[in-house]
Amino acid sequence: MHQEKTNVMRLLDQRKVSYTPHFYACPDGAVDGRSVAALIGLPPERVFKTLVTRGASKQNYVFVIPVTGELDLKAAARAAGEKSIEMIRQAELLPLTGYVHGGCSPLGMKKQLKTFLDESARDLETMVVSAGKIGAQVELAPGDLAAHARARFAPAAQYRPQHATRYTRRKLKM
């Protein structure tokens, strides 16, 4: 499936950053990260989502975490040096970043926001993030993403068992 380059891809080309584009069909709009991983044929641990937050100081931050995890708000606040962090409302995303929900990339936002990559990306050869629109992703080296998004690595994700039953949740607490 070939589509036109996105602004993120043009930005990476302009900066001479090596990347692999991935396109997928999404006739019903945005799909969840695990589904994106399956659609592009890569393990979900290498596919990352971009989350935009606001700290207690009202400053906005970007966190790039694996689609297999959730944002750990306490760890995110520590990384940003904030008392607390919360997700922004979905309606704020487009005016703030220039991207829609499901197509938000840490590269090429309207305004450069302080950005953090989950530390799990550090040891990966490549990672995948949105290319700035639903249906398009870019795969690149974590170091390249960190350099061009002006990001730093920090613990930001937490993981929960995907299909834990009430019984296994009790067992996990032990």
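1. Ser 130 belongs to strand 7, residues 127-130. Helices (H or I, at least four residues) and strands (E, at least two) are DSSP runs, numbered from the N terminus. The model is predicted: local features need pLDDT of at least 70, side-chain atom pairs count only at pLDDT 80 or more, and totals for chains, interfaces and linings use all residues. Residues are numbered from 1 along each chain as its sequence is written, and side-chain values use heavy atoms, with hydrogens and water left out.

2. Ser 130 has a relative accessible area of 5% and is therefore buried (under 20%, 1.4 Å probe, protein chains only). Among the residues that Ser 130 touches, not counting those up to four places away in sequence, are Val 8, Cys 104 and Val 138; contact means heavy atoms within 4.5 Å.

3. A polar atom of the Ser 130 side chain lies 3.4 Å from the backbone oxygen of Gly 103. The backbone nitrogen of Gly 132 is 3.0 Å from a polar atom of that side chain of Ser 130.

4. Strand 7 pairs with strand 8 (residues 136-140) in the antiparallel sense over four bridges; pairing requires at least two DSSP bridges between the strands. Opposite Val 128 stands Glu 139 in strand 8.

5. The open sheet has three strands in the order 1-8-7, with antiparallel pairing. Strand 1 (20-23) and strand 7 are at the edges with a single partner strand each, so one side of each has no neighbour in the sheet.

6. Helix 1 (residues 7-14) lies across strand 1, strand 7 and strand 8, at about 30 degrees to strand 8. Axes are lines fitted to C-alpha atoms, for helices over the stretch in contact, with angles from 0 to 180 degrees between N-to-C directions.

Note on methods: Buried < 20%, exposed > 50% of the residue type's maximum accessible area, 1.4 Å probe, protein only. Polar contact = N/O pair within 3.5 Å; in protein donor to acceptor, adjacent residues only side chain to side chain.
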